[in-house]
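Reader: I have a structure to go through and I'm new to this. Can we take it slowly?

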Amino acid sequence: METLGIDLGTRSYSIYVGQGLLQTLSSYLASRDTWVLITDDIVDRLYGERLIGEWKDSTMYRIVLPAGEDTKTLTRVEETIESMLNLGVTRSSGIIALGGGVVGDVAGFCASIYMRGIAYAQVPTTLLAQVDSSVGGKTAVNMPQGKNAVGSFYQPEVVVIDTTTLRTLPHRQLISGLAEVMKYGVIADYEFLTYLQEHLGAILALEDQVLERIVTRCCGIKAEIVAADEREAGLRRVLNYGHTVAHALEAVTKYGTYTHGEAVLIGMYLEAEMARKLGLLGHDDCSEILDLIQRLGSEVELEFKLEHSLLSNMVFMMGKDKKNRDGKIAFVLPIGAGQTREVLLTNKEAQSLLECL
Ligand SMILES: NC(=O)c1ccc[n+]([C@@H]2O[C@H](COP(=O)([O-])OP(=O)(O)OC[C@H]3O[C@@H](n4cnc5c(N)ncnc54)[C@H](O)[C@@H]3O)[C@@H](O)[C@H]2O)c1
Ligand SMILES: [Zn+2]
């Protein structure tokens, strides 16, 4: 097992990464008289029921949400909060968020507003949640007007990652998580990128040691970035590599065609090409990045060439991105050696660059 720390002053916490940690979950949590397990129906059947069945340390209530992105609504938050009030959950109780990013975001948001804020533990079970959403304290639900439009920065008390839960993850979800995994290599650690190239077979075969290693490295990178810039005033933006294109692609395809990770793969592909075109990224570096993206994409039969009409709609969406500045679209582009640069482009510039890739 690996233990990492995230240094946020009084809000600092530990991240435990290892195999089988769910079986001894209580030993990683603070002692509380009551816990509320918040999970989704799929994860509940796979892990929640057993956790509840074997829990002996204190009272544990359970709230099961429907699996899927549609659960990220204020209505679900209100229902969850009502259930907690009816169960008699107090300020000294804690929430355990067991599941993927959806559960983590909803449970984290509930924790942040219940009785002005109670403790919560992130226990992520998808690769995406283990390397990204469970660390850093961003919580949110969606609104008709936009994804993650309402939420809070609210750090968990602890993050407990059992990498063996990845064994039950559908292949498509695994590839989606790997998109974020490789993003860390591109933005912060080229040696890690090389490691991923060399160990992709072992990763896809879900070899325990390798999974533990990659999850640990990603959490380490994310923890460092968040510790330096908790509220995304500057450095945390590097995490947005691939995401300007990805968010626009997800929005114009109405969140129905691509998983987030698949959109990120396409986003990283196009943004690496943009960086090369702009002379920011050398040919060899670009090829190394594109090669791994394509290997991951081929696992889910992903097409990287997008039609012109789709690209135009995407640029229009990008023009409304919340990360934009000075009326320009902000891209975080790779410049090689694990570094990035933010580039601001007008709609017209972005359009012509994307069209000639
Ligand atoms: N807060 C943040 O910083 C942050 C960062 C990135 C993404 N997110 C959010 O995370 C969400 C996406 O998260 P996700 O990709 O984990 O999706 P998800 O939570 O919807 O999980 C994907 C599917 O996998 C199932 N599942 C979860 N664990 C499983 C397991 N071990 N075995 C089998 N099935 C399992 C779930 O039931 C679900 O059907 C999005 O809403 C996104 O906005 C938040
Ligand atoms: Zn992402």
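Author: One term to begin with: helices are DSSP runs of H or I with at least four residues, strands are runs of E with at least two, and both are numbered from the N terminus. The model is predicted, so local features need pLDDT of at least 70 and side-chain atom pairs pLDDT 80 or more, while totals for chains, interfaces and linings use all residues. Residues are numbered from 1 along each chain as its sequence is written, and chains are lettered from A and ligands numbered from 1 in the order written.

Reader: OK. At what angle do helix 8 and helix 11 pack?

Author: About 110 degrees, with the axes of helix 8 (residues 243-252) and helix 11 (residues 308-318) 8 Å apart. Axes are lines fitted to C-alpha atoms, for helices over the stretch in contact, and angles run from 0 to 180 degrees between N-to-C directions. Helix 8 and helix 11 are therefore roughly perpendicular (under 35 degrees is roughly parallel, over 145 roughly antiparallel, 65 to 115 roughly perpendicular, the rest oblique).

Reader: Which residues of helix 8 and helix 11 meet?

Author: Thr 244, Val 245, Ala 248, Leu 249, Ala 251 and Val 252 of helix 8 meet Leu 310, Asn 313, Met 314, Met 317 and Met 318 of helix 11. Contact requires C-beta atoms, placed from the backbone, within 7 Å. By class, nine of these residues are nonpolar, two polar and none charged (Ala, Val, Leu, Ile, Met, Phe, Trp, Tyr, Cys and Pro are nonpolar, Asp, Glu, Lys and Arg charged, the others, Gly among them, polar).

Reader: And how do helix 8 and helix 9 cross?

Author: The axes of helix 8 and helix 9 (residues 260-277) come within 7 Å and cross at roughly 130 degrees, so these two are oblique. The contact includes His 243 and Glu 250 of helix 8, and His 260 and Glu 271 of helix 9. It has seven nonpolar, four polar and two charged residues.

Reader: Back to helix 11. How does helix 11 pack with helix 12?

Author: Helix 11 and helix 12 (residues 347-355) pack at about 150 degrees with axes 10 Å apart, and are therefore roughly antiparallel. His 308, Leu 311, Ser 312, Val 315 and Met 318 meet Asn 347, Ala 350, Gln 351, Leu 354 and Glu 355 there. Met 318 also takes part in the contact with helix 8.

Reader: New topic. Into which domains is the protein divided?

Author: Domain 1 is 2-168 and domain 2 is 171-209 + 232-355, with bounds from an automatic or database domain assignment. Their centres, over C-alpha atoms, are 28 Å apart. Each of domain 1 and domain 2 gives 11 residues to the contact.

Reader: Where does ligand 1 lie?

Author: Between domain 1 and domain 2, because both give residues to its shell. That shell has 29 residues, the closest being Ile 42, Gly 100, Gly 101, Thr 126 and Ser 133; a residue counts if its C-beta atom, placed from the backbone, lies within 6 Å. Helix 1 (41-54), helix 3 (101-113), helix 4 (127-133) and helix 5 (171-188) each give two or more residues.

Key. Contact = placed C-beta atoms within 7 Å.
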